[in-house]
Amino acid sequence: MTRRDRSSAAPPWPVALPAALALLFLGLPLLALILKAPWGRLWSILTSATSLQALRLSLETASAATVLAFLVGVPLAWVLARADFPGRRLARALVTVPLVLPPVVGGIALLLAFGRRGIVGQYLDSCCGITLPFTTAGVVVAEAFVAMPFLVITVEGALRGLDTRFEDAAATLGASRLGVFRRVTLPLILPSLAAGGVLTFARALGEFGATITFAGNLPGVTQTLPLAVYVGLEGDPSEAVALSLVLLAVSVIVLVALRDKWLRTGAAS
Amino acid sequence: MRRTLPLVAVLAALALTSCGSSSGAATTSGSPASGGSSASSATTGAITVFAASSLKESFTAIGAAFEAVNPGTTVTFNFGASSTLATQITQKAPADVFASASQKTMDTVTTAGAATSSAVFAVNTMEIATPATPTVPVTSLADLAKPGVKVVICQKDVPCGAAAQQLFTQNNLTVTPVSEEVDVKAVLSKVVLGEADAGIVYVTDVKAAGAKVIGVAIPKDQNVTTKYPIAPITSSTNAATAKAFVDYVLSPAGQQVLAAAGFTSP
């Protein structure tokens, strides 16, 4: 808490001025979104069939992508944090690539891998008749590709920071490896799992570039909320603004949730 | 433990910026401010032309030819769905000329007062684009209604999407597309990659794609024609060059380039 005392002094103007500009720069567009929102028609726009369909699809696919991320991402985080194998550093670098990759590029990469003519997709198509592009499953794949690294990195960080003596003690007392993981490790990293999960869900919910490139855009099948916003801009811009508000609200809720709940308890544990 | 705190914060920030940037970059892509510092009476300086996606190849060629005959001029293009461009222009994007793939989209710009008069400079018709190595054979418009044929069209607010819908309606076809793309080039790319079995695009797009797609012609009596209007934007800071560019597109030299791309004269 000594940090707070140090920062309580008024900042000198060469720092305060650009800082204020930066804050305005980040805040004004969001303020504009709120000011220009069609408040009178808001409810009718948000409850229209297209909006509800897009909202439902977004929630479903983002949830599925988060579940998928947990199923394979948490084991990957454990391997990266604990296991020793050649190429571990390369594997960790690989996990962070989707974080910085433009989502559109991710979408093209997914098409070339899992598309009907893709290096893996052509076999999926010929052996089992599975094609991912233009399907809801394709949306989940695109969202998981972009969002899973958030979970992997958050959980891996928690596992590395964990005091291994608790696990050692449990093992000494006769707990099996799985038992140690379930009864000791898992509860200790729970806050990070929650934080990573929320981040992954939020990123999946906001996914645009990879989704439209890989899965296309069809209302009810692949048109998630961000796609509806983009397409709405061409027909009825005020509809796009109304839907944008929903996404803005979700972002704010996520940040508040992370700040006041999981992050604090995460630091305390 | 505490070290994970800032990491999570950075990731949260990353999450939000990447949501915003993906859609933001797409809406405002390639629309640099036009350097309109030059005198307003001479054909010189820079102009920015907002043009429909389907004009990409022909207008790029016309732009280069225009710069060659008018030394000192620079033409920058912003290609996109006509409806997106119209929205950008009515939101005061720095455009000097607007070339649209439909009269309806041009009308939204003139109604908003961003342009006064427009002239039709080209006419386009629709064609079915199929992959160079087809998965499912498509040889006629009627094939698009068959189950198992993956058809991709433009979304309904984009001129090529409206044309596709009109095409289906006037031929009494019930086609369920697998995707409604944001512009005609996105439709074409899904066909080129072989993800879609057929896409409704312009005749000019099939021609521009060359060997990457196989075109299936639509008989004239079943087809839809689209008129392309062009207009200088009233708020242009380089009105003389903007008008000169519009005149050039309508001139025999400009018409020749458009004809070579597959457009027909109005």
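A: Happy to! The largest nonpolar core has 139 residues, where a core is a set of buried Ala, Val, Leu, Ile, Met, Phe, Trp, Tyr and Cys residues joined through C-beta atoms within 7 Å. Buried here means that 20 or more other C-beta atoms lie within 10 Å of a residue's own, with C-beta atoms placed from the backbone. Those with the most contacts inside the core are B:Val49, B:Ile89, B:Val97, B:Phe98, B:Ala99 and B:Phe245. Helix H8 (residues 136-161) of chain A gives the most to this core, with 16 residues; helices are DSSP runs of H or I, at least four residues long, and strands are runs of E, at least two, numbered from the N terminus.

This is a predicted model, in which local features need pLDDT of at least 70, side-chain atom pairs count only at pLDDT 80 or more, and totals for chains, interfaces and linings use all residues. Residues are numbered from 1 along each chain as its sequence is written, while chains are lettered from A and ligands numbered from 1 in the order in which they are written.

Now to B:Phe98: not counting residues up to four places away in sequence, B:Phe98 touches B:Phe50, B:Leu85, B:Ile89, B:Val109, B:Ala115, B:Ala231 and B:Ile233, a contact being C-beta atoms within 7 Å. B:Val109 is buried in helix H4 (residues 103-111) of chain B, along with B:Thr105 and B:Met106. Seen down the axis of H4(B), the directions to the C-beta atoms of its buried residues fall within an arc of 100 degrees, so they line one face of the helix. Their cover includes helix H3 (82-90), strand S3 (97-99), helix H5 (159-170) and strand S9 (225-232) of chain B. After H4(B) comes B:Gly113, with a positive phi near 85 degrees.

Key
A residue is buried if 20 or more other C-beta atoms lie within 10 Å of its own, exposed if 12 or fewer, and partly exposed in between; C-beta atoms are placed from the backbone. Two residues are in contact if their C-beta atoms, placed from the backbone, lie within 7 Å.
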